[in-house]
Amino acid sequence: MTKTYKNTSDDLTLSKRDFLKGAGAAAALGFTGLPLLSRGALAQTARKSILSGCHWGVFYGLVDDGRAVEFKPWEGDPAPSPQLPGIRDSIYSESRIRYPMVRRAWLEQGPGADLDGRGSGDFVRVSWDKAIELVANELVRVREKYGQQAVFAGSYGWKSPGKLHNCQTLLRRMMNLTGSYTNSSGDYSTGAAQVILPYVSGSIEVYEQCTTWKNLSENCELMVFWGCNPLNNSQISWQVADHGAWPGVEMLKKSGAKVLCIDPVRTETCKALNGEWIAPRPHTDVAMMLGIAHTLYEENLHDEDFLDRYTTGFDKFLPYLRGTSDGTPKSADWAEQICGVPADQLRDLARRFAKNRTMLALGYSTQRQHHGEQIHWMLITLASMLGQIGLPGGGYGLSYHYSSGGSPTHTTPILKAIDDASGQKSEGAAWLAQSGSLSIPVSRLVETLLNPGKKMQFNGHEIELPLIKLAYWAGGNPFSHQQDRNEMLRAWRELDTFIVHDVQWTASARHADIVLPATTSYERNDIEQVGDYALSHIVAMKKIVDPVFEARSDFDIFAAIADKLGKGYEFTQGRDEMDWIRGIYEAAKIEARAKGMEMPVFDVFWDSNKPLKFPQSEAAADFVRHADFRADPLLNALGTASGKFELYSTAIEKYHYDDCPPHPSWIEPIERLDGPTTRYPLHIATNHPQMRLHSQLCGTVNRKSYEIAEREPCWMNPKDAAARGLSNGDVVRVFNDRGQILAGLTITDEIRPGVVRINEGGWFDPVNPREIGSLDAYGDVNNLTTGVATSKLAQSNCGHTGMAEVERYEGNLPPVTVFSQPA
Ligand code: PGD
């Protein structure tokens with residue numbers, strides 16, 4: 001049955017009339033307030049207001065005389081991101097890439113020339129025709145000389161949303177049509193968890209929907225945010241953000257549920273909910289959880305029925321927990337020595353968790369650490385012992401902090417994106433992108449460049465690291481996201497050629513040999529869904545202004561390269577931008593009809609200047625994670641071998657990995673605060689920033705809201721500052737054996753003593769780019785973090801693992817140069 005839904009002024013809603021009478025009739029009958037920007041209206045107004053959207057939400061671009069003057073939030077956004085001014089500025093800022101550029105030595109002397117000179121800014125402007133020819137010829141040269149695998153196109157990054165202009169899919173589409181390449185698997189966000197969780201709960205789980213905020217507000221008595229900060233991180237989504245976390249947190253606040261925040265930093269969420277703050281030593285949460293689990297068991301507070309019915313392997317985990325297998329009971333007293341939280345408090349937590357309907361909400365940063373696989377496994381073990389998984393308001397949730405997980409899912413068709421021409425499904429998530437001649441774990445490129453031919457264990461099998469001579473990046477910033485910048489610089493010298501498409505002169509673009517200027521999403525048309533979990537609307541990501549300087553869309557760039565290599569038609573299929581977008585919409589329209597809904601015809605949707613809203617069922621509003629499994633564990637068995645939560649994995653046991661045992665375990669990381677082998681006194685927390693998305697928008701006006709003495713801020717507890725004689729606003733040198741950066745000091749008691757916070761995503765700005773280990777003038781924290789992998793199982797990144805020392809910088813202050821055009 002086709003449903004009719006009420007229109008509101010903020011969004012375009014589904015209508016039966018539209019189905020029956022077609023586009024013209026629908027427009028004539030008019031949805032209330034439709035369209036804000038009819039073609040007639042456009043002609044009459046000098047200032048245009050054009051609906052669009054991006055990672056940060058749905059917004060309007062206000063345009064005067066062809067220039068975007070403001071980005072204004074859409075009326076339906078419950079919590080617009082404060083980052084909007086920077087989004088507008090990303091079109092015009094001083095760090096915008098204007099023209100195709102080639103590194104002079106590479107252009108004049110050929111691939112591989114003067115490798116130390118990468119990053120020194122000596123570029124030559126070339127025409128688009130010349131740039132396309134250089135790229136096409138170099139692809140052919142490298143493939144012929146070294147083999148297809150020598151081209152790396154596993155390009156990882158947060159790019160921009162949009163079902164057409166997904167630059168990573170487009171890169172791989174061009175590569176697949178013209179040959180092959182080495183790909184990457186996994187992602188930097190949840191690389192450890194997404195590999196171990198299929199063994200534990202039968203799916204990657206980290207990106208699954210959580211029990212809704214509404215359900216929490218009605219049923220949860222104790223909400224535990226464990227390294228989990230929705231009110232910062234849900235500003236952005238992989239698609240277009242819906243910001244449902246804000247009303248969600250508000251509901252929780254009104255419900256009066258008790259809130260506990262376990263985090264080295266007192267987060268925005270903790271402050272907004274007036275939560276109780278417990279700050280363990282970073283990287284010791286597994287020990288803390290074990291101490292709580294031990295108390296649950298010793299005080300008989302665990303749920304044996306749940307463990308029997310819904311899990312396997314508790315009997316094999318128990319000897320470890322009780323210490324009968326290794327002589328060390330994982331008691332609260334034992335845990336206190338490691339995590340620094342008093343044993344009595346841990347015992348009290350165990351009792352409170354058991355007594356109340358408790359939701360354990362875990363964030364991703366806790367697994368972006370050495371041995372990061374253990375924590376999600378241990379959390380599920382703890383939640384299993386509490387026996388509340390699948391009950392309203394209880395259990396665990398792994399994405400409350402991400403893309404507004406817990407914001408109820410709407411009934412909607414799923415937009416089908418352009419594909420990578422591999423014949424495999426690879427749209428959307430990076431870990432599904434498996435096309436290419438072979439694939440390496442995403443954070444292992446540096447290791448691969450330094451060790452071609454080396455054999456590596458990865459998730460139960462052996463891979464051989466390929467020889468790579470050309471790396472091609474679009475939509476990512478490896479000189480921001482990869483750990484241990486100086487090791488990376490050494491590795492990059494193994495490459496003959498590094499090609500980057502970007503919008504901004506990021507450190508990656510600066511270290512490239514060929515740099516191609518891409519359009520921002522505001523200079524092209526696209527289509528996307530709102531909310532990774534909510535899926536509440538389909539929104540036209542409309543072009544707000546014409547491309548500036550010589551920027552071209554990645555679609556056009558890759559189409560031109562494919563054409564040069566004889567595959568132009570195969571790449572575009574003879575369709576232009578709007579043909580593709582219309583096709584994507586039409587396919588969704590057919591799917592919607594099969595679900596009993598009728599979407600307006602494309603032109604009505606596109607011209608309405610409103611997002612198209614989809615309905616939400618009562619069941620979705622009250623969704624409880626794993627309720628179906630709890631109700632019927634046979635019919636709704638999990639995807640594990642046993643169909644239950646596996647607290648001991650016989651599959652992992654067979655791998656015999658010394659760094660990933662077959663049950664959740666506390667294993668000392670290579671370095672941590674007060675750790676046995678640690679050489680530096682301060683742990684570096686590399687949180688996600690509040691006023692940019694990773695490194696995106698670092699080159700914009702938003703920086704003015706947080707920079708200190710023009711540098712990235714470094715948070716420090718007053719006790720640590722006093723011990724070093726430091727004052728607020730000092731420029732400090734933060735250093736360890738791996739690297740050194742400058743930063744601006746903020747002294748605050750919202751961080752635990754012994755921990756400093758420098759957000760990830762600051763742009764790398766070496767004072768002497770030719771020198772490995774040079775001081776970074778701005779403050780890219782990945783100079784300081786370790787490049788080791790989490791373990792042989794996931795081979796993921798440890799972006800939060802790193803210890804350092806901080807001192808006042810007494811030398812002449814080097815200027816920050818990374819936000820201007822290269823010399
Ligand atoms: P972004 O800054 O989003 O960082 O790493 P990622 O590489 O994703 O980079 C995206 C780049 O794409 C930007 O330079 C942007 O300008 C460009 N871009 C955007 N749209 C387009 C487009 O349409 N076309 C082209 N050609 N380019 C475009 C993020 C990664 O960092 C992630 S996901 C995580 S979770 C990790 N987090 C941490 C961490 O917590 N701590 C540390 N120490 N390190 C981390 N690294 C990881």
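The model is predicted, so local features are described at pLDDT of at least 70 and side-chain atom pairs at pLDDT 80 or more, while totals for chains, interfaces and linings use all residues. Residues are numbered from 1 along each chain as its sequence is written, and side-chain values use heavy atoms, with hydrogens and water left out.

Let's begin with the rings. A pair of aromatic rings is described by the distance of the centres and the angle of the planes. Rings of Phe, Tyr and Trp (its six-membered ring) pair if their centres lie within 6.5 Å; planes under 30 degrees apart are stacked, over 60 edge-to-face, and the rest tilted. The whole structure holds 38 aromatic pairs. One of them joins Tyr199 and Tyr655, edge-to-face, with 6.1 Å between the centres and 80° between the planes. Tyr199 belongs to helix 7 (residues 193–200) and Tyr655 to helix 28 (residues 650–655), so this pair ties together parts 456 residues apart in sequence. Helices (H or I, at least four residues) and strands (E, at least two) are DSSP runs, numbered from the N terminus.

How covered are these residues? Buried means under 20% relative accessible area, exposed over 50%, and partly exposed in between (1.4 Å probe, protein chains only). Tyr199 counts as buried at 15%, whereas Tyr655 is partly exposed at 23%.

Another pair, Tyr364 with Tyr402, is tilted, at 5.7 Å centre to centre and 50° between the planes. Tyr364 sits in the loop between strand 13 (358–362) and helix 17 (373–386), and Tyr402 in the loop between strand 14 (395–397) and strand 15 (438–441), 38 residues apart. Tyr364 is buried at 4% relative accessibility, and Tyr402 is buried at 12%.

Now turn to helix 24 (residues 577–594). An α-helix has 3.6 residues a turn, so residues three or four places apart point the same way. Just after helix 24, Gly596 takes a positive phi of about 85°.
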